Amino acid sequence: MPKAYVFTRYGGPETEALVEVDRPSPGPGEVLVAVRVAGVNPVDWKLRTGYRRPGETDTRTFPTVFGNEVSGVVEELGAGVDGIAVGDEVFGNTVSGAYAEYALLPATITAHKPAELSFQDAATLPVAAATAYDGVRQLDLPAGATVLVTGAGGGVGSAALQIARALGLRAVGLASEGKKDFVESLGAVHVPSGPDLAVRVRAVAPDGVDGVYDLVGGEVLAEAATLLTDRTKLVTAGAPAPEVEKLGGARVQRARGTAVLDAVARLVVGGELDPHVTRTFPLDQAGEALRTVEDGHARGKIVIEVSA
């Protein structure tokens, strides 16, 4: 039977296990994929603790397979799927979890993997890179404008810096001192994180910034907002809607479609976006991969290689 890495109830790492599961069957509009690589994201371990995405109700059943982004090869098609064939190399978001030998993907959030794009890089795009793309585009800043990205050293943040640069923006990245070289390698100006961040940002951007893409929330979001004259240019993926709306900003609006996946794939193929996969783990070490992300110090992206 196929294997999957799951959590069996809400809680900590003690709820995790590698188990055998039934092979999923695609429903209408779904694609069954033999997983090559799965991406690891902070939301994966947060969901294990009982966290719910904004507006989400708790209808979870256990065991729950971790993860939400994969690359792989199409094994089977559900009814009504057009434009995708068995044997196609694809990547996208899952409906059945990602840390598994097989995963179900909605056809509407599944894209063909360009031949020039590795399975490893493709698996990092549906969550982190797509979230970064949606947020930077939502800010709708003109070329030459300055954008501040908080939490710039992680998967979403590092992608946002590169996408901003590709769109002709000046990027300023807020990250720990230990990630200074990494942030600067992406063509961004590094600002150390910590209290009084606005003072340090103004040292490199005396007139403030034209937009803020926040990936942290809390006090960081509130202080970053003071750098803006136009609070409609404040977007967050790190705080709930009420928290950012009281500051005059908005949550990132996720497009969640094939068009965005195609767009970020083109950026990678064109050399404008490097997902920066820094570590890979096999499926039987998925727990270690999660711990690497959960400790908050990972640079770039962590992936799980399920099948060669």
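Mentor: We begin with helices (H or I, at least four residues) and strands (E, at least two), which are DSSP runs numbered from the N terminus. This is a predicted model, in which local features need pLDDT of at least 70, side-chain atom pairs count only at pLDDT 80 or more, and totals for chains, interfaces and linings use all residues. Residues are numbered from 1 along each chain as its sequence is written, and side-chain values use heavy atoms, with hydrogens and water left out.

Trainee: Which residues of α9 are buried, and what covers them?

Mentor: Buried means under 20% relative accessible area, exposed over 50% and partly exposed in between, with a 1.4 Å probe and protein chains only. In α9 the buried residues are V260, L261, A263, V264, A265, L267 and V268. The elements covering them include β6, β8, α2, α3 (125–139) and α4 (155–166), where contact means heavy atoms within 4.5 Å.

Trainee: Why is the pair of Y5 and F66 called stacked?

Mentor: Rings of Phe, Tyr and Trp (its six-membered ring) pair if their centres lie within 6.5 Å; planes under 30 degrees apart count as stacked, over 60 as edge-to-face and the rest as tilted. The whole structure holds 6 aromatic pairs by this search. For Y5 and F66 the centres are 5.6 Å apart and the planes 25° apart, so the pair is stacked. Y5 belongs to strand β1 (residues 3–7), while F66 is in the loop between β4 (64–65) and β5 (69–77), 61 residues away. Both Y5 and F66 are buried.

Trainee: What makes F7 and F62 edge-to-face?

Mentor: Their planes stand at 65° and their centres are 5.9 Å apart, so the edge-to-face label applies. F7 is in strand β1 and F62 in the loop between α1 (42–48) and β4, so this pair ties together parts 55 residues apart in sequence.

Trainee: Are F7 and F62 buried or partly exposed?

Mentor: F7 has a relative accessible area of 2%, so F7 is buried. F62 has 35%, so F62 is partly exposed. Ring pairs also join Y5, F7, Y10, F62, F66 and Y99 into a cluster.

Trainee: Why is the contact of R23 and E75 called a salt bridge?

Mentor: A salt bridge needs a side-chain nitrogen of Lys or Arg within 4 Å of a carboxyl oxygen of Asp or Glu. R23 and E75 meet at 3.8 Å, N to O, so the label holds. R23 lies in the loop between β2 (16–20) and β3 (30–40) and E75 in strand β5, so the bridge ties together parts 52 residues apart in sequence. R23 also forms a salt bridge with E76, at 3.6 Å between the closest N and O atoms. E76, in strand β5, is 53 residues from R23.

Trainee: How do you know that the charge of R23 sits over the ring of Y102?

Mentor: The rule asks for NZ of Lys or CZ of Arg within 6 Å of the ring centre and within 35 degrees of the ring normal. The charged end of R23 sits over the ring of Y102, 4.9 Å from its centre. K113 likewise lies over the face of F119, at 4.6 Å.

Trainee: What makes K113 buried?

Mentor: Its relative accessible area is 10%, so K113 is buried. K113 forms a salt bridge with E89 at 3.3 Å.

Trainee: Why is strand β16 called largely enclosed?

Mentor: In β16 (residues 301–305), 4 of the 5 residues are buried, so the rest of the structure largely encloses the strand. Strands pair if DSSP finds at least two bridges between them. β3 and β16 are joined by 4 bridges and run antiparallel, while β15 (residues 277–282) pairs with β16 in the parallel sense over 5 bridges. I304 in β16 is the bridge partner of A38 and also of F281.
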